[in-house]
Amino acid sequence: MKDVRKINCDGVITSRRKIANNIYHIKIELEERFPIFAYGNFVMVHLKDYMNVLLPRPFSIFRAKNKILELVFKEVGTGTKMIATSILPFNVRVWGPLGNSFPFGKDMLCVAGGLGLIPLYQSIIKRNFKEVFVGFKNIYEAYFVKSLQKRGVIISSDDGSLGERGFVTEIFYQYLKRTNFKGKVVSCGPIGFLKRLWEIEREVGNIETYGSFEKHMACGFGVCLGCAMETPWGFVKVCSDGPVFRLKDVFGE
Ligand SMILES: Cc1cc2nc3c(=O)[nH]c(=O)nc-3n(C[C@H](O)[C@H](O)[C@H](O)COP(=O)(O)OP(=O)(O)OC[C@H]3O[C@@H](n4cnc5c(N)ncnc54)[C@H](O)[C@@H]3O)c2cc1C
Ligand code: FES
């Protein structure tokens with residue numbers, strides 16, 4: 001029977017490793033076994049000992065096995081700075097898995113930009129895709145490079161310091177023009193990246209692109225409306241209707 005359990009329990013960050021400029025991999029030892037999850041699901045992490053970070057923060061599930069949950073994050077503000085710099089062990093509360101997941105099927109393409117690699121990494125490793133494109137800003141912000149190279153992933157960087165030079169969206173676009181690919185594409189990256197992928201879908205036709213979106217979140221399960229996102233068809237809640245949406249359903253015709 002499918003495990004659809006969610007947990008809401010205490011945990012302790014027991015290990016932290018810097019894997020690139022301002023990017024860290026952490027392990028959280030949970031009080032309970034982490035449930036079965038799907039790629040694209042996320043967790044809310046509350047830094048319970050820090051009163052100056054009241055709201056929990058959403059993070060994609062990088063990996064989870066038994067009572068160990070692994071996350072990868074970039075230090076961008078108050079909460080992530082705490083996680084990146086506090087002395088370990090560090091107490092947290094975790095709830096999840098939350099949200100929907102990426103569609104999977106045969107012969108799909110995958111495009112990830114920067115931190116967008118995190119929710120897709122494990123399925124890339126399992127070789128779930130026909131072709132994978134990963135773009136970083138530069139070599140200093142790149143992570144898991146050797147492992148990606150080993151799997152034949154097409155890597156690019158905006159400044160050419162790693163792999164092909166240029167935006168990953170454009171390298172992906174050239175591939176589509178060359179191959180006439182038809183089918184599903186899964187993606188994750190910043191909003192400008194997702195908008196560009198939608199432009200590409202409209203231009204080339206014959207592809208269905210799904211992307212994972214980010215919004216500020218407070219509850220993570222659909223009750224506070226903190227993550228409302230406007231679409232041409234009304235508001236959606238990124239935490240419970242998403243975070244994965246078909247780009248067409250967010251950006252419209
Ligand atoms: C479903 C989901 C999965 C995510 N997965 C990851 C992940 O795996 N790794 C990772 O590093 N980050 C991830 N994020 C983003 C992460 O939640 C934010 O970077 C984090 O909440 C920032 O917290 P902070 O206290 O450090 O920043 P704050 O001090 O709160 O803000 C710092 C800056 O980051 C911006 N920001 C904060 N939260 C968000 C957000 N949710 N979306 C967009 N901008 C934000 C703020 O506007 C501000 O500019 C995810 C977000 C979502 C919604
Ligand atoms: S974060 Fe509360 S409704 Fe989405």
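Predicted model: local features only at pLDDT ≥ 70, side-chain atom pairs only at ≥ 80, totals over all residues.
Reader: How many salt bridges turn up in the whole structure?
Author: A search of the whole structure gives nine of them.

Reader: What about Arg196, which residue does its side chain meet?
Author: The side chain of Arg196 meets that of Glu170 in a salt bridge, at 2.8 Å from N to O. Arg196 sits in helix H5 (residues 191-204) and Glu170 in helix H4 (residues 168-179), and this pair links distant parts of the chain that are 26 residues apart. Glu170 is partly exposed, with a relative accessible area of 26%.

Reader: Where does Glu201 come in, and what does it pair with?
Author: Glu201 forms a salt bridge with Arg246, with 2.9 Å between the closest N and O atoms. Since Glu201 belongs to helix H5 and Arg246 to strand E16 (residues 244-246), this bridge ties together parts of the chain that are 45 residues apart in sequence.

Reader: Is Glu201 buried or exposed?
Author: Glu201 is buried, because its relative accessible area is 7% and the cut-off for buried is under 20%.

Reader: Which residues other than glycine have a positive phi?
Author: Asn180 is one of them, with phi near 60°, and Asn206 likewise has phi near 60°.

Reader: Where do those two sit in the fold?
Author: Asn180 is in the loop between H4 and strand E12 (183-188), whereas Asn206 is in the loop between H5 and strand E13 (207-212).

Reader: Are they buried or exposed?
Author: Asn180 is exposed, with a relative accessible area of 58%, and Asn206 also counts as exposed, at 53% relative accessibility.

Reader: Now Tyr24, where is that one, and is it buried or exposed?
Author: Tyr24 has its place in strand E2 (residues 23-30), and Tyr24 is buried, with a relative accessible area of 10%.

Reader: What does Tyr24 touch?
Author: Leaving out residues up to four places away in sequence, Tyr24 touches a set of residues that includes Arg16, Arg17, Lys18 and Ile19, along with Leu71, Val72 and Phe73. Glu75 and Ala84 are also among the residues that Tyr24 touches.

Reader: How far is Tyr24 from Gly79?
Author: Their C-alpha atoms are separated by 13 Å, and the two residues are 55 residues apart along the chain.

Reader: Stepping back, what is the secondary structure of the whole chain?
Author: The protein chain comes to six helices and 16 strands. The radius of gyration is 18 Å, close to the 18 Å that the globule rule gives for 253 residues, so the chain is as compact as a globular protein of that length. Along the principal axes, the C-alpha atoms fill a box of roughly 50 × 40 × 40 Å.

Reader: What share of the residues is buried, and what share of contacts is between residues 24 or more positions apart?
Author: Buried residues make up 49% of the 253 residues. Among contacts with a separation of 6 or more, 61% are between residues 24 or more positions apart.

Reader: And the surface and the charges?
Author: The accessible surface is about 12400 Å², of which 50% belongs to carbon and sulfur atoms. The chain has 36 positive and 24 negative charges, and their mean positions are 5 Å apart.

Definitions and conventions: Residues numbered from 1 in each chain as written. Chains lettered and ligands numbered in written order. Heavy atoms only, no water. Helix = DSSP H or I, 4+ residues; strand = E, 2+ residues; numbered from the N terminus. Rg over C-alpha atoms; globule rule 2.2 N^0.38 Å. Buried < 20%, exposed > 50% of the residue type's maximum accessible area, 1.4 Å probe, protein only. Contact = heavy atoms within 4.5 Å. Areas by Shrake-Rupley, 256 points an atom, 1.4 Å probe, with all protein chains shown as cover. Lys, Arg positive; Asp, Glu negative; His and termini not counted. Charge placed at Lys NZ, Arg CZ, Asp CG, Glu CD. Salt bridge = Lys/Arg side-chain N within 4 Å of Asp/Glu carboxyl O.
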